[in-house]
Amino acid sequence: MGRAAMMCVVGAITLRLVITGEFGNFVQQHMQLPLTIAAVLLIFFGVVEVIGDLRDGRHDPESSRRAVAPTVGWLLGLPVLVLLSVAPAALGATAAERVDPIVPSEPASPEAFIEPIDSSDGPIQMPVYDFMSRALWDDGSDFSEVEVELEGLVVNSPEVDDGFLLTKFAVSCCAADGLPLQVMLHGLDSTYDNDQWVRVAVQWRPPDDGVVDTDDYVEADVIEIEVVDDPPDNPYETPF
Amino acid sequence: MHSHVRSRFAWGPTVIVIPTVAAALISGRVGWFTDEELRLWSTLFVSISLQALPFLVLGVVISGAIAAFVSPDLVQRIVPKRQLFAVPAAGAAGLALPGCECGSVPIAGRLISHGTPPAAALTFLLAAPAINPVVLVSTAVAFPNDRMMVVARFAASFLVAIAIGTWWARRNDVQMFKRLTDHQHDDPRPRWRQFVDVASHDLVHAGGYLIVGALAAATLQLVVPRSAIDVIADNELLAVLLLALLAVLLSICSEADAFVAAGLPQFSLTSRLVFLVVGPVIDIKLIAMHAGVFGRRFALVFAPVTFITAIVLAVVIGQVML
């Protein structure tokens with residue numbers, strides 16, 4: 001009976017994560033359907049076990065000696081307890097401070113940037129990865145002229161005093177392998193708290209010496225900044 | 001083997017834990033802890049667990065179906081009687097019969113007790129959890145940028161299974177498994193009940209060990225100073241040895257281990273391949289299960305030989321392919 005209850009609880013919390021969309025903090029969006037199916041099956045198994053046990057009642061002499069015991073199975077309740085007690089959030093400043101940020105590598109073909117971009121109709125929305133990629137590797141166009149809209153979270157750093165590191169995590173499997181993508185923003189008067197989501201309109205600031213170096217931060221000047229109250233459903237980028 | 005398995009889950013913990021969790025579920029978040037590091041740890045822990053869950057459920061559905069709907073006699077009829085023919089055949093059978101390592105130990109025990117050559121059963125024991133479709137798909141999902149990882153894992157694991165099987169066929173030690181007589185008696189319950197029973201048992205069992213692995217991986221990421229990990233990760237020999245040891249200690253289910261390996265990006269692909277090849281064939285929980293099903297003497301011989309074979313073959317394949 002305990003086993004059945006455990007499966008129902010794990011199934012229920014998984015279903016809850018899917019329904020509230022919180023699962024996006026932990027795994028990629030395409031896990032939605034597999035997680036839903038797994039949750040429903042877990043609940044189904046639990047219910048079938050309970051019904052079977054009730055039907056057998058106490059008349060079954062076998063039931064007393066059925067005992068290959070996965071005591072370790074109780075640990076399945078641990079993620080549930082953690083989810084409820086610690087309330088884990090999406091990766092943020094704490095995670096970003098622990099790891100070196102990554103930069104996009106050079107595209108295999110020069111055609112990657114063949115599509116011209118033009119922001120005369122307003123800023124162009126772009127993932128942080130694409131912005132960094134353009135800044136680092138697009139030799140053809142004058143990218144610094146283009147106005148771009150980026151979304152990410154605030155990570156304050158002593159390396160910048162008139163802005164912060166706009167951060168988004170690149171995830172290849174789940175949040176456990178997330179690595180930060182960071183753009184150094186300049187030209188801000190007010191300060192922002194770590195982990196605050198913001199939407200910014202920026203222009204790329206080329207390095208002073210004109211030489212692009214992947215060991216340095218990609219930098220940008222802020223034209224406009226807007227605080228975003230609700231973090232997006234998918235807080236990560238999956239560029240790989 | 002799987003019949004009448006019922007966990008020792010009793011009312012004691014149930015009456016305390018379940019209502020607490022249920023109350024928390026209904027009322028929403030409790031949020032006792034706010035420490036940032038702890039929250040990060042829990043994010044990593046839940047991520048690994050959640051990512052692995054659908055694969056675990058798929059695996060136990062299949063293992064439950066096999067236990068309930070495929071008779072051992074049928075499997076035995078397919079496996080050739082001659083040891084040296086049977087070994088590759090059993091390796092190939094591992095491809096078709098998904099299940100994690102905890103499931104394949106009782107299956108291999110059942111095969112031997114039904115007269116299958118031990119070498120073939122052991123090849124199956126090693127191959128099934130490592131190269132079945134579920135494991136290969138989850139490896140591909142976990143390493144989207146390193147497609148060769150799947151091929152390398154398949155090649156190395158298959159070679160380990162064949163090598164150990166051939167070694168055992170040459171040893172031809174029939175005495176070792178004398179104790180394996182058939183204690184099976186037919187399960188009187190309807191098939192769908194057997195199916196749910198086995199699937200639930202495997203899920204709770206393998207799931208528990210998966211959580212152990214997720215705990216260790218998340219903790220390792222946070223507790224071990226990054227500088228120490230970097231030093232080890234930069235030294236290929238140390239990295240291989242550490243991850244081989246970790247695979248044994250963590251005892252992660254083979255359907256989930258790729259996600260743990262993907263969560264250790266500091267380490268080279270070859271050392272992570274070692275982790276993926278060693279884990280499904282030998283680890284703490286498997287040694288315990290081997291001793292229980294095949295006997296202590298067997299476990300003492302089998303564990304070190306398998307461990308070293310797996311490391312060597314994985315390193316060779318890693319150097320060639322990755």
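This is a predicted model: local features need pLDDT of at least 70, side-chain atom pairs count only at pLDDT 80 or more; totals for chains, interfaces and linings use all residues.
## Ala87 of chain A

Where does Ala87(A) sit along chain A? Its place is in the loop between helix 3 (77-85) and helix 4 (93-98). The backbone at Ala87(A) takes a positive phi of about 55°, although the residue is not a glycine.

Asp195(A) belongs to the loop that joins strand 4 (179-186) to strand 5 (197-205) of chain A. Is Asp195(A) buried or partly exposed? With 19 C-beta neighbours inside 10 Å, Asp195(A) counts as partly exposed, because the cut-off for a buried residue is 20 or more.

## Chain A as a whole

Chain A has 5 helices and 7 strands. Read from the N terminus, the order of its elements is α-α-α-α-β-α-β-β-β-β-β-β. Of its 240 residues, 39% count as buried. Among the contacts in chain A between residues at least 6 apart in sequence, 72% join residues at least 24 apart.

The chain is divided into two parts, domain 1 (2-88) and domain 2 (94-237). Their contact takes 7 residues from domain 1 and 6 residues from domain 2. What kinds of residue does domain 1 bring to the side that touches domain 2? That side has 2 nonpolar, 5 polar and no charged residues.

## Chain B: helices

Turning to chain B, you will find 15 helices and 0 strands. Of the 322 residues in this chain, 54% count as buried. For contacts in chain B with a separation of 6 or more, 88% come from residues 24 or more positions apart.

## The largest nonpolar core

How many residues make up the largest nonpolar core? It has 171 residues, and those with the most contacts inside it are Ile48(B), Leu56(B), Val274(B), Val278(B) and Ala314(B). Helix 2 of chain B (residues 36-69) gives the most to this core, with 19 residues. Domain 1 (2-88) and domain 2 (94-237) of chain A both give residues to it as well, so the core lies between them.

Leaving aside residues up to four places away in sequence, Ala314(B) touches Ala156(B), Leu273(B), Val274(B), Val277(B) and Val278(B).

## The end of helix 15

Met321(B) has its place in helix 15 (residues 296-321) of chain B. Why does Met321(B) count as partly exposed? There are 16 other C-beta atoms within 10 Å of its own, and partly exposed residues fall between the limits because 20 or more would be buried and 12 or fewer exposed.

Not counting residues up to four places away in sequence, Met321(B) touches Met148(B), Val151(B) and Ala152(B). Met321(B) and Thr270(B) are 51 residues apart in sequence, while their C-alpha atoms are 9.1 Å apart in space.

Conventions
Residues are numbered from 1 along each chain as its sequence is written. Chains are lettered from A and ligands numbered from 1 in the order in which they are written. Helices (H or I, at least four residues) and strands (E, at least two) are DSSP runs, numbered from the N terminus. Two residues are in contact if their C-beta atoms, placed from the backbone, lie within 7 Å. A nonpolar core is a set of buried Ala, Val, Leu, Ile, Met, Phe, Trp, Tyr and Cys residues joined through C-beta atoms within 7 Å. Domain bounds come from an automatic or database domain assignment. Ala, Val, Leu, Ile, Met, Phe, Trp, Tyr, Cys and Pro count as nonpolar, Asp, Glu, Lys and Arg as charged, and the others, Gly among them, as polar.
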